[in-house]
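Keep the sequence and the structure open as you read.

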Amino acid sequence: MTATNRPASCPATRLRAENLTLSYDQRTVATGLGVDIPDHSFTVIIGPNACGKSTLLTALARMLKPRAGQVYLDGAAIASYRSREVARRLGLLPQSSTAPGGITVGDLVARGRYPHQGLLKQWSADDEAAVVEAMRQTGVLELADRPVDDLSGGQRQRVWLSMVLAQQTSILLLDEPTTFLDIAHQVEVLDLCAELHARKGHTIVAVLHDLNQACRYATHLIVMRPGGVIAAEGDPSTVMTAELVEDVFGLPCRIIDDPETGTPLMVPAAPKRYPLDTDTDTGTPSTVMAKTS
Ligand SMILES: Nc1ncnc2c1ncn2[C@@H]1O[C@H](COP(=O)(O)OP(=O)(O)O)[C@@H](O)[C@H]1O
Ligand SMILES: [Mg+2]
């Protein structure tokens with residue numbers, strides 16, 4: 001929906017994009033791409049590799065200038081803001097980041113406070129409290145004095161998330177926040193996002209790969225297909241169909257009810273079976289999982 005055909009009863013959302021053309025040099029990733037991020041939603045973007053999810057997120061955060069079209073933040077073209085002003089309103093966790101060599105966890109997370117600093121403003125008790133709270137929420141407080149370079153991929157991912165949380169913005173754009181994390185930490189990070197969404201009314205936009213996690217956590221699901229095209233969006237329970245998954249991901253599947261939450265649960269069609277080599281078999285998955293449970 002564009003500004004021109006938006007009914008008066010439907011106010012503009014805080015973050016939206018109109019008619020974007022997104023390109024890298026000669027490569028155009030998307031044309032005519034429009035998206036409205038519902039205020040206070042937990043929006044999840046899914047789609048196959050290279051379809052343009054990260055590109056869209058970086059454009060929404062003003063890290064990539066659209067070749068055409070416009071991103072609007074709080075009613076004004078995002079390009080019209082000072083960068084510090086954008087960073088006070090929205091935070092981006094990019095898909096990959098490199099920490100300055102030798103920096104400690106505490107110092108990196110503290111960099112999240114830069115939009116709140118100024119020439120005349122000293123590091124304050126509020127800054128310190130925000131950094132400690134962000135490290136506590138992501139479980140990295142005990143790593144505060146460790147060099148970021150020495151951490152595992154999963155620990156590092158939580159440190160970057162911590163830095164974005166320390167920014168204390170009410171809009172959070174998170175590109176694959178669960179990558180590198182074991183399953184328990186994935187759930188922890190998604191639960192934290194859900195809590196920020198539910199308790200503080202934050203607007204969360206997260207790119208996820210796990211369709212079932214997407215359906216569990218999203219209040220608004222956006223499905224992208226190659227070419228930066230939005231194939232479907234809305235409530236996960238109406239959007240997530242077997243036809244859509246096969247169409248967009250090329251994966252035959254069934255959709256059943258998640259026994260825990262009642263949200264859509266995508267079960268891929270069974271793979272072709274190959275006979276087991278009994279000499280090298282150290283245990284079928286069903287016997288191993290049964291032993292450990
Ligand atoms: N910095 C870049 N320079 C050139 N091409 C890029 C760059 N980043 C991404 N691309 C290309 O843009 C397309 C979309 O990438 P991306 O948005 O990262 O996809 P996704 O996040 O959905 O996996 C891909 O074809 C990718 O190769
Ligand atoms: Mg990506």
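Q: Which residues does Val140 contact, leaving aside its neighbours within four places in sequence?
A: This model is predicted. Val140 sits in the loop between helix H4 (125–137) and H5. Leaving aside neighbours within four places in sequence, its contacts are Val105, Met135, Gln155, Arg158, Val159 and Ser162.

Q: Is Val140 buried or exposed?
A: Count the C-beta neighbours inside 10 Å: Val140 has 25. The cut-off for a buried residue is 20 or more. Therefore Val140 counts as buried.

Q: How far apart in space are Val140 and Tyr81, C-alpha to C-alpha?
A: In sequence, Val140 and Tyr81 are 59 residues apart. From C-alpha to C-alpha, the distance in space is 32 Å.

Q: What is the mean pLDDT of the protein chain?
A: Confidence comes first when reading a predicted model. Here 93% of the residues reach 70 or more. Over residues 1–5, however, the pLDDT is below 50. Where pLDDT is low, the coordinates should not be read in detail. For the protein chain, the mean pLDDT is 92.

Q: Which element supplies the largest share of the shell around ligand 1?
A: The residues around ligand 1 include Tyr24, Arg27, Gly47, Lys53, Ser54 and Thr55. Strand S2 (27–37) and helix H1 (53–60) each supply at least two residues of this shell. The largest share is 3 residues, and it comes from H1.

Q: How many residues of the shell around ligand 1 are polar?
A: Sort the shell by class. It has 4 nonpolar and 2 charged residues. The polar residues number 5.

Q: Why is H1 called largely enclosed by the rest of the structure?
A: Look at which residues of H1 are buried. They are Lys53, Thr55, Leu56, Leu57, Ala59 and Leu60. H1 is largely enclosed because the buried residues make up 6 of its 8.

Q: Is Arg62 buried or partly exposed?
A: Arg62 is found in the loop between H1 and strand S4 (68–73). It has 19 C-beta neighbours inside 10 Å. A buried residue needs 20 or more. So Arg62 counts as partly exposed.

Q: Where is Asp74, and what is its phi?
A: Asp74 has 14 C-beta neighbours inside 10 Å, so it counts as partly exposed. Its place is in the loop between S4 and strand S5 (76–77).

Q: Which residues does Asp127 touch, not counting residues up to four places away in sequence?
A: Asp127 lies in helix H4. It is partly exposed, with 19 other C-beta atoms within 10 Å. Not counting residues up to four places away in sequence, it touches Arg113 and His116.

Q: Which residues does Ala214 touch, not counting residues up to four places away in sequence?
A: Ala214 is among the residues with the most contacts inside the largest nonpolar core. Val44 and Leu221 are also among them. Not counting residues up to four places away in sequence, Ala214 touches Val44, Ile46, Leu208, Leu221 and Pro236.

Q: Which feature does UniProt place at residues 15–251?
A: Over residues 15–251 the chain is 36% helix and 25% strand. The end C-alpha atoms are 32 Å apart. For this stretch, the unreviewed UniProt entry gives the feature "domain: ABC transporter".

Key. Residues numbered from 1 in each chain as written. Chains lettered and ligands numbered in written order. Predicted model: local features only at pLDDT ≥ 70, side-chain atom pairs only at ≥ 80, totals over all residues. pLDDT = per-residue confidence, 0-100. Contact = placed C-beta atoms within 7 Å. Near = placed C-beta within 6 Å. Helix = DSSP H or I, 4+ residues; strand = E, 2+ residues; numbered from the N terminus. Nonpolar A, V, L, I, M, F, W, Y, C, P; charged D, E, K, R; others polar. UniProt positions renumbered as here; feature names shortened; annotations may be inferred. Core = buried A, V, L, I, M, F, W, Y, C linked by C-beta atoms within 7 Å. Buried ≥ 20, exposed ≤ 12 C-beta atoms within 10 Å, placed from the backbone.
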